[in-house]
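Subject: Handing over a model, with notes on what was found

Dear colleague,

Please find below the structure that I am passing on to you, followed by my notes. They go through a loop residue, the sheet, an aromatic pair and a pocket in turn.

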Amino acid sequence: MTDHPDNPHRSVGAEVVVGADGSTGSAIAVRWAARVAVARNRRLRIVHSIDPVTTATPRGLYDAFVAFTMQDIRLRAERVLAGALDDALVVAPELAVSTELTDGNAARALVERSAQAHLVVLGATASTGSMAHLGSTLLAVTSHARGCVVVVRGSDPDTRTGPVVVGVDGSAVGEPAIAAAFAEAAERGSDLVAVHAWSDLSRGGFAGSSYLELPIPDFDTAEEALLAERLAGWTEQYPEVVVRREIELYDPRERLARWSRTASLIVVGSRGRGGFRGLLLGSTSNWLVQHADCPVLVVHPD
């Protein structure tokens, strides 16, 4: 493992950090994170958070009742961590792993640890249909973390042998996603598929006409040149990675969603072509962490 002291996410000491909450999706994420950590010779840190009221000193009968209840919550939290530790060691017995029980907001704890983490990993239920069902923790972490966040989706993410697939929007803000995708493909020894769409708009009409009926002279030539330019430096840095390029006219999320059925990992930037922090996640990234059929790596610009 090469040390990158100028990049905290790739330094030798950077850990894989995974959130655990005792759910089925969380258990799948812990196992996925454990396999990644041991394959990359990194430590795994399993994090679980509980309300800070558990640490309050009782000052009366009511407070004593609350303290007793919170002690029970803390015991359950410790069991969650113990179960997650077992899940990790079952798939990677040689793994260097630690657990951490924090008091306070779970999202804040994970966002804080993302500044020095190699990856932050979260689980999601495969049948989730809306962001509300994913929970505020997942939304907050994928929106505000530093570096890379993986949302582990799909029922069999550890058995996937397909390519790494990256969405390339052609903008400078998307460059970190390309870098991360090449690094992931090299780590896994897999091919890389770069999907580029001219427009983020979905299938539909524009001013009464289908997008496909609009006159776009030399569309393929111009977009192929743009994609080749974005990939050029990275193909030189990772000559061992076989790259396939796909050009789409519109709706990158539809194409990426189709790829997620066979891909081992989908990689996207945290923001769209506009690159505004106020948008939190770009529309494509937002949609994929809700609907993809494989793990989704959301890459932040830092």
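I start with Asn-41, which is found in the loop between helix 1 (24-39) and strand 2; helices (H or I, at least four residues) and strands (E, at least two) are DSSP runs, numbered from the N terminus. This is a predicted model, in which local features need pLDDT of at least 70 and side-chain atom pairs count only at pLDDT 80 or more, while totals for chains, interfaces and linings use all residues. Residues are numbered from 1 along each chain as its sequence is written, and side-chain values use heavy atoms, with hydrogens and water left out.

Asn-41 has a phi near 55 degrees, a positive value in a residue other than glycine. At 61% relative accessibility, Asn-41 also counts as exposed; here exposed means over 50% relative accessible area, buried under 20%, and partly exposed in between, with a 1.4 Å probe and protein chains only.

The model contains an open sheet of 10 strands in the order 3-2-1-4-5-12-11-6-7-10, with mixed pairing, where two strands pair if DSSP finds at least two bridges between them. Strand 3 (97-103) and strand 10 stand at its edges with a single partner strand each, so one side of each is left without a neighbour in the sheet. From one strand to the next the twist averages 25 degrees; the axes behind such angles are lines fitted to C-alpha atoms (for helices over the stretch in contact), and the angles run from 0 to 180 degrees between N-to-C directions.

Strand 1 (residues 16-19) runs parallel to strand 4 (residues 119-123), and three bridges join them, with Val-120 in strand 4 as the bridge partner of Val-17. Strand 1 also pairs in the parallel sense with strand 2 (residues 44-50), over four bridges, and there Val-18 stands opposite Ile-46.

Ala-263, in the loop between helix 8 (252-259) and strand 11 (265-269), has a relative accessible area of 0%, and its C-alpha is 9.3 Å from that of Val-193, at a separation of 70 residues in sequence. Gly-269, which has its place in strand 11, is buried with a relative accessible area of 13%.

The aromatic pair

The structure holds one aromatic pair, and rings of Phe, Tyr and Trp (its six-membered ring) pair if their centres lie within 6.5 Å, with planes under 30 degrees apart counted as stacked, over 60 as edge-to-face and the rest as tilted. The ring centres of Phe-182 and Tyr-238 are 5.9 Å apart and the planes are at 25 degrees, so the pair is stacked. It links distant parts of the chain, given that Phe-182 is in helix 6 and Tyr-238 is in the loop between helix 7 and strand 10 (243-248), 56 residues apart. Both Phe-182 and Tyr-238 are buried.

The largest pocket

About 710 Å³ of space lies in the largest pocket. Of the 30 residues that line the largest pocket, the closest to its centre are Asn-7, Arg-10, His-118, Ala-180 and Ala-183. Helix 6 (175-188) supplies the largest share of the lining, seven residues.

With best regards

Definitions and conventions: 1 Å grid on protein atoms, 1.4 Å probe; cavity = no way out; pocket = protein on both sides within 12 Å on 5 of 7 lines; lining within 4 Å. Points joined across faces, edges and corners; volume = space filled by probe spheres on them.
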